[in-house]
Amino acid sequence: MMITRTSAVAMAAGVALAIGGMAPQAHAQLLALYSFDDASFADISGNGYTPTNTNVTFASGGFEGGSAFFNGINSFLQIGLDINPTALPQLTMGCWVRVDDDFDSPIRQFISHDSGGFDRSLGIDFRGGLTGYSAFTGSGVLGGAPVVANEWAFVAVVYDQTAGSVTLHVNGSSFTTLSTAGSGNTFVRLGSNPAFGEFFGGQMDNAFFIRGALSPTEITRIREGGINAIIPTPTAAAGLAMLGVGGLMRRRR
Ligand SMILES: [Ca+2]
Ligand SMILES: [Ca+2]
């Protein structure tokens, strides 16, 4: 294939654009993803983290497509994914939630592997200074923004044990504290705290677990792009190979 100087420059620019446009950081990796678009509640990441379902039902309406409905009393999905800091020093996890307006307890969990001691958890709490979307820090609760019932909200937390930080994202806002997490269960639940119940009532969509500490820019991409911004784009690498720029990229290192 003949490459003129002009086209090579254009392609190099294209490569830079393609790299800049990729969702995950180089070290980031999708671990599990639940679109809840059918009643199987399957992990669509390809990694096979099929949940065990206890009383969670399928709702045909969701943030995108279908969603999972949690009854706020005794429902949860349990996943055999170890999110301990020893297994995943850097972890980003989140989902979209639509909280029922009848939540009577101010402590509810969307995602949690807590065994006591404020292990990695994302939910609703009052101990972070307000009754709102919150995250456990390893030693307490990081408060975020007030809950708005019956409206879809994007919530995510970035646990970075290496940096010693916890960052909570709620819609377009973020809240950070310096803290490291302790050890919890080697499984994780959606819709409940394994140690304390704290059952979530409402709908959940697009629950995700990503290895790595996503940057605010990457979080924004997911919040604005939805499920399509979470699913890896293997076609990008394949596309570059087809264009014959793989060698160009290697030579540029
Ligand atoms: Ca969905
Ligand atoms: Ca613990």
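Two strands pair if DSSP finds at least two bridges between them, and strands themselves are DSSP runs of E with at least two residues, numbered from the N terminus, just as helices are runs of H or I with at least four. Keep that in mind as we walk through this predicted model, where local features need pLDDT of at least 70, side-chain atom pairs count only at pLDDT 80 or more, and totals for chains, interfaces and linings use all residues. Residues are numbered from 1 along each chain as its sequence is written, while chains are lettered from A and ligands numbered from 1 in the order in which they are written.

The chain has five helices and 15 strands. Let's start with strand 4, residues 67-71. On one side, three bridges tie strand 4 to strand 3 (residues 57-59), and the two run antiparallel; here Ala 59 sits opposite Ser 67. Strand 4 also runs antiparallel to strand 15 (residues 201-211), with four bridges joining them, and Ala 68 has Met 204 as its bridge partner there. Four of the five residues in strand 4 are buried, meaning that 20 or more other C-beta atoms, placed from the backbone, lie within 10 Å of a residue's own.

Met 204 turns up again in the largest nonpolar core, which has 61 residues. Such a core is a set of buried Ala, Val, Leu, Ile, Met, Phe, Trp, Tyr and Cys residues joined through C-beta atoms within 7 Å. Strand 11 (residues 152-160) gives the largest share, seven residues. Among the residues with the most contacts inside the core is Val 155.

Methods. Buried ≥ 20, exposed ≤ 12 C-beta atoms within 10 Å, placed from the backbone.
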